[in-house]
Structure formats: structure tokens, C-alpha cells
Amino acid sequence: MSESILSIRGLRKQYASGTDALKSVDLDIKRGEIFALLGPNGAGKTTLISIICGIVTPSGGEVLIDGKNWQRHFREARTRIGLVPQELTMDVFEPLISTVSFSRELFGRRPDPKRIEEILRELSLWDKRKTILKELSGGMKRRVMIAKALAHDPDILFLDEPTAGVDVELRRDMWNMVRRLREHGTTIILTTHYIEEAEEMADRVGVINKGELILVEEKTELMKKLGRKVLHLQLAEPLAAIPPTLAEWNPRLSEDGSTLTYEFDAKAERTGIPSLLTAMRDAGIAFKDLDTHQSSLEDIFVGLIHHSKAAA
Amino acid sequence: MNWRGIWAIYKFEMHRFARTLWTGLAVPVITTSLYFIVFGSAIGSRMSEINGIDYGAFIVPGLMMLSLFTESIFNASFGIHMPRFTGTIYEILSAPLSAIETVLGYVGAAASKAMSVALVIFVTAHLFVDVHVEHPLLMLLYLVLVAATFCLFGFIVGIWAKGFEQLQVIPLLIITPLTFLGGAFYSIDMLKEPWRSITLFNPVVYLINGFRWTFFGTADVAFGTALAATFAFFLACLGVIWWIFRTGYRLKS
Ligand SMILES: Nc1ncnc2c1ncn2[C@@H]1O[C@H](COP(=O)(O)OP(=O)(O)O)[C@@H](O)[C@H]1O
Ligand SMILES: [Mg+2]
């Protein structure tokens with residue numbers, strides 16, 4: 001078996017309205033990982049998931065599940081996939097337990113009350129099993145959506161913005177559940193527009209914006225970037241160019257020549273700041289003000305989106 | 001085949017009907033009784049026989065067909081329209097179900113319900129008149145074919161409709177008038193020309209007369225013609241549904 005359980009190749013979607021929701025996305029999901037798809041509203045996250053799950057028809061490209069085309073082998077593909085959609089949509093007149101059993105059988109699985117009980121207990125839904133769905137709170141409904149998605153024991157689980165509008169307790173429960181599922185070998189793909197969520201949960205993070213995947217990276221790599229700091233120096237006199245004596249530090253000069261930016265590893269023994277400042281004094285460059293700040297995932301994210309906008 | 005999936009949809013739909021079981025049964029019993037009181041006593045007293053058949057018995061197949069049409073269309077269209085409306089269709093679309101399997105689940109359940117109502121009418125009619133069925137097996141088969149056809153048609157309506165009021169439009173504005181004008185309660189031979197010939201363009205005439213033939217062995221059109229017409233309608237509906245799933249029309253964006 002290859003390392004990637006799911007391969008997305010050149011996936012495109014243009015809606016009838018003309019919106020280009022996905023512009024040729026390529027992505028490989030590794031077996032057993034938690035992958036976070038991070039992007040602002042309207043980035044195309046739901047569209048991507050919906051195409052993989054068979055709810056939206058792609059305009060081009062394909063999805064492979066263990067190397068098999070997801071449309072040609074749709075039975076196998078769909079039996080293996082579970083989806084928790086973004087919206088809380090359910091048959092509100094049904095009792096909780098019947099709707100979860102329904103999901104299991106719909107996906108072709110033998111009825112298994114024991115397994116359903118396990119799932120409901122794990123999601124703290126067992127006491128409410130006889131409740132009619134419309135009587136449940138929003139948080140409970142979210143749990144029901146997860147129970148439905150897990151009812152047929154999928155080994156690939158999609159969670160579309162699972163924690164949007166969810167309280168702290170449920171968020172914690174959900175993250176614990178996701179971790180437990182991963183321990184049992186389930187591959188998890190979740191979308192979010194909260195950076196902290198990607199940071200806390202994921203093994204890898206993909207950043208999507210305007211239908212384009214602009215970065216896919218190990219979270220630890222992102223965290224390394226996160227550990228970096230930036231020093232801004234407001235110069236007393238604008239510079240035309242960086243003097244050769246400062247090249248060693250590789251600083252960046254703003255367009256108007258008034259700000260010098262130096263990026264450094266805050267955790268390193270030598271940040272290079274004292275030597276840089278000494279070199280500047282020797283070169284006769286004075287500054288009015290300085291500040292340092294952490295480059296957060298948010299910064300990286302905003303920077304990336306900025307980049308892709310500038311490139312477009 | 002994902003038989004479990006089909007069965008899950010079937011059970012879900014039947015469960016939905018069961019929630020309104022009593023009204024679901026009371027309505028056909030009451031309307032049938034009303035028809036017999038109004039048509040049977042008021043008209044039947046002046047018109048005792050049509051083609052040698054007692055008028056009360058004569059209208060039984062027509063009554064059953066009228067209910068079968070409207071029940072089939074309504075149940076099947078509502079069954080598929082509801083998940084589209086609430087958004088729960090996502091689960092059906094993401095399940096390992098082929099188009100045929102999805103349709104079997106919804107149409108199977110709607111047809112079961114519609115046939116139950118038709119049979120309730122049949123039983124209720126016996127309270128008022130003697131009805132003897134000449135070809136009981138053919139009668140049941142015909143009932144299945146017509147129920148399946150109109151449920152397929154209802155399924156199409158449920159996918160086409162943009163709102164709940166459109167679900168009512170087809171049965172009320174098309175099917176009910178065609179049924180009343182299609183000889184549900186009279187023989188088209190009683191009509192003067194050119195009305196008789198014009199009526200032959202009404203497809204419902206064939207459905208009703210095919211069904212009536214299984215009861216009495218005589219009807220306004222030959223049984224073979226009626227069966228062929230019904231079958232043609234059945235195939236046309238299947239064709240449209242095949243196209244819907246192929247293109248994702250109003251099911252997928
Ligand atoms: N059914 C649809 N018809 C037309 N446009 C759509 C539809 N669904 C989504 N879009 C558009 O496609 C883009 C991507 O949407 P979506 O995939 O929902 O993004 P996200 O989930 O990242 O917020 C948006 O511009 C959205 O308006
Ligand atoms: Mg979304």
C-alpha cells in the first residue's frame with residue numbers, strides 16, 4: 001500500500017453561476033494523518049470535500065482512493081468515507097438512535113446495536129438516544145452529525161468546520177475523539193478557518209485561498225516559522241540600498257528605504273541582533289525606533305494570501 | 001447491490017407514513033364513502049348500469065386509480081423533495097448507492113403506501129357494492145405497474161419542484177382533471193363525437209380502462225393497448241430519471 005490514502009489530481013470546479021471555486025487542486029493525504037485545510041470563507045474548502053464525497057460534480061480532475069478512481073469505484077470509496085458536513089441538517093422528526101442506525105444501514109452495513117451504542121456513548125449521546133432530534137441543542141446536534149458519519153465505521157473522515165459555533169466543552173470532546181480515531185488508524189481531514197485549531201490538531205496543514213492550495217506543510221515546519229521573530233528598524237534617514245557590510249544578516253529594506261527588517265530565530269543562542277546593530281553603527285546608519293514581534297501562523301497565512309493575490 | 005441501503009430508505013419512508021397512519025387511512029375510507037353516497041345514490045339511481053355492469057361497481061376501478069395516482073405522486077414527490085429542502089440529501093448522495101438503488105428505496109416505499117390506500121378503497125367499496133374481480137392476479141400486477149409508474153413520475157416532480165406548492169400543482173392541475181375527464185366515473189362510449197375521439201388523447205383513459213378490464217373483462221379500450229400505453233409511460237419516466245442522475249439535475253451542483 002502506498003503512503004497516500006487519498007490523492008487529488010487537478011481537481012477543478014466552476015459552479016453554474018460562473019464562480020471558480022477550485023482551480024486545479026493537487027493534494028495527497030497520508031494514511032492515518034490528521035490534515036487541516038485552512039482557509040477563509042469562500043476559499044473552496046466545502047467544495048473540495050463535497051466533490052470527494054460525491055455531493056458536487058467536479059468540472060475536471062480526479063480523486064484516487066488507494067489508487068482507485070472515486071467515481072469508477074464509488075461503492076468502495078464511499079463505504080470508506082464518512083462526512084460531517086458544515087451545516088446541521090438532519091431529519092428533525094426522527095429519534096436520535098434511529099437516525100444513527102439509518103446512517104449505518106444506508107452505507108450498506110449490517111445493523112449492529114452494540115456498535116451504535118458504543119458510538120453514542122463515546123459522544124455522550126446515549127442518554128438522549130430516544131430524544132426527537134428537533135429537541136436537541138445545537139451542540140448536541142453537532143454530536144449527532146458526527147455519530148451519523150461514524151456509524152458505518154469509515155476509515156477516512158471529513159469534518160467540515162467541526163468547531164464553528166461550538167462551545168469549549170464540545171470542542172475539547174471533539175478533539176479528544178479525533179485523536180482517538182487517529183489512534184485507531186482513521187485518516188482525518190478537517191477544514192477550519194481558525195489557525196489555533198489547525199495548530200492544535202493537525203499533523204499537516206494545507207492553506208487554501210480562492211480555490212488554490214497555496215501551501216502544504218508539516219505543522220512542525222510551520223511551527224518553526226512560528227518560532228521566528230522579526231525585527232523592524234525605523235531608520236533616521238532613508239537608505240537607497242543595503243550596504244554590503246550588512247549583507248551577512250540578509251536584512252530586507254522597505255520600498256521607501258525607511259525600514260529595515262531582519263528575521264531571526266528567537267530560540268537560537270545567537271540571534272545576531274547585537275552584531276547587526278554594531279555593524280549598522282559602524283556603517284553610520286542610525287535608527288529612530290525598533291520593535292520585534294512573533295511571526296504567528298496568522299502572519300504566515302496573511303503573508304501567503306497576500307503573495308498569491310500579488311501573483312494573480 | 002446495496003440492499004441494506006435500499007431497505008434503510010424504504011423503512012425510513014414507511015416510518016414517515018406510519019406517523020400519519022390514521023389520517024392516511026381515514027382519508028381514503030371517508031372519500032370513498034362520500035363518492036358512493038354522492039355518485040352511487042344520486043347518479044346511480046338514474047343510471048343503474050354501464051355496459052352491463054352495475055354503476056356502483058363500475059366506478060370502483062376509477063376510484064382506486066384516482067387515489068393511486070394522487071397518492072403515488074404526492075408520496076414519491078414529497079419523499080425526495082423533503083431531503084432536498086432540508087439538506088439531508090447530502091447523506092443519500094454520499095452513500096454507496098447507485099441511482100437505481102436510491103429510486104428503488106423511495107419509489108418502493110411510495111408505491112407500497114399508494115397501493116395500500118387503493119386496497120383500502122377496494123375494501124371500503126365492498127361495504128356499498130358487490131365487486132367481483134375477474135382477473136385478480138392481473139389486477140394486482142396492474143396496480144403495481146401503475147403505482148410504480150406514478151411514483152417514478154412523482155419522484156421526477158419532487159426533483160423538479162422548487163417549493164412545496166409546486167408539488168401540489170401537478171396532481172391538482174393535471175392529474176385530477178385528466179382522471180375525471182378520462183372516464184373514471186363513466187364510459188367514454190357515452191360521449192358524443194368529437195369528444196369521444198378527443199378523449200382518446202388523454203393517457204389516463206388507457207390507465208383506467210386497463211385496470212377496469214382486469215375487473216370486468218370489458219373496457220372502452222383493448223387491454224393490450226392499455227397495457228402498452230401504461231408501459232410506455234413507465235419507460236418514459238425511467239428515462240427521465242436516468243437523465244436526472246446522469247446530469248445531476250437539481251440534485252448536485
Ligand atoms: N452551490 C453553489 N453555487 C454557486 N456557487 C457556490 C456554490 N457553493 C459554493 N459556491 C461558491 O464557491 C466558492 C467556494 O465556496 P465554499 O466551497 O463553500 O468555500 P468554503 O467552504 O471554503 O467557505 C464561494 O465563492 C462560494 O460562493
Ligand atoms: Mg465551507
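## Close-up views of the model

**View 1. Arg204(A) counts as buried, at 10% relative accessibility.** Here "buried" stands for under 20% relative accessible area, "exposed" for over 50%, and "partly exposed" for anything in between (1.4 Å probe, protein chains only). The model is predicted, so local features need pLDDT of at least 70 and side-chain atom pairs count only at pLDDT 80 or more, while totals for chains, interfaces and linings use all residues. Residues are numbered from 1 along each chain as its sequence is written, chains are lettered from A and ligands numbered from 1 in the order in which they are written, and side-chain values use heavy atoms, with hydrogens and water left out. Arg204(A) forms a salt bridge with Glu33(A), at 2.7 Å from N to O; the term means a side-chain nitrogen of Lys or Arg within 4 Å of a carboxyl oxygen of Asp or Glu. Arg204(A) sits in strand 9 (residues 204-209) of chain A and Glu33(A) in the loop between strand 2 and strand 3 of chain A, 171 residues apart. Helices (H or I, at least four residues) and strands (E, at least two) are DSSP runs, numbered from the N terminus. Glu33(A) is buried too, at 5% relative accessibility.

**View 2. Asp28(A) and Arg9(A) meet in a salt bridge.** Their closest N and O atoms are 3.3 Å apart. Asp28(A) belongs to strand 2 (residues 20-30) of chain A and Arg9(A) to strand 1 (residues 4-14) of chain A, so the pair ties together parts 19 residues apart in sequence.

**View 3. A magnesium ion (ligand 2) is held by Thr46(A) and Gln86(A).** The coordinating atoms are OG1 of Thr46(A) and OE1 of Gln86(A), at 2.0 to 2.2 Å. Thr46(A) lies in helix 1 (residues 45-53) of chain A and Gln86(A) in the loop between strand 6 (81-84) and helix 3 of chain A, so the pair ties together parts that are 40 residues apart in sequence. Donors are N, O and S atoms within 2.8 Å of the metal (3.2 Å for Na, K and Ca); water is not among the atoms, so sites may look incomplete. Thr46(A) is partly exposed, at 32%, as is Gln86(A), at 25%.

**View 4. Helix 1 of chain A is mostly covered.** Eight of its nine residues are buried, among them Lys45(A), Leu48(A) and Cys53(A). Just after this helix, Gly54(A) takes a positive phi of about 90°.

**View 5. Ser94(B) touches several residues of chain A.** Ser94(B) has its place in helix 4 (residues 89-94) of chain B and is buried, at 8%. Leaving aside neighbours within four places in sequence, Ser94(B) is in contact (heavy atoms within 4.5 Å) with Cys53(A), Ile55(A), Arg78(A) and Phe107(A).

**View 6. Chain A meets chain B through 29 residues of chain A and 25 of chain B.** How many salt bridges does the rule find across this interface? There are four. One of the bridges pairs Arg75(A) with Glu101(B), at 2.9 Å from N to O. The elements that give two or more residues to the side of chain A that touches chain B are helix 2 (74-80), helix 3 (96-106) and helix 5 (138-150) of chain A.
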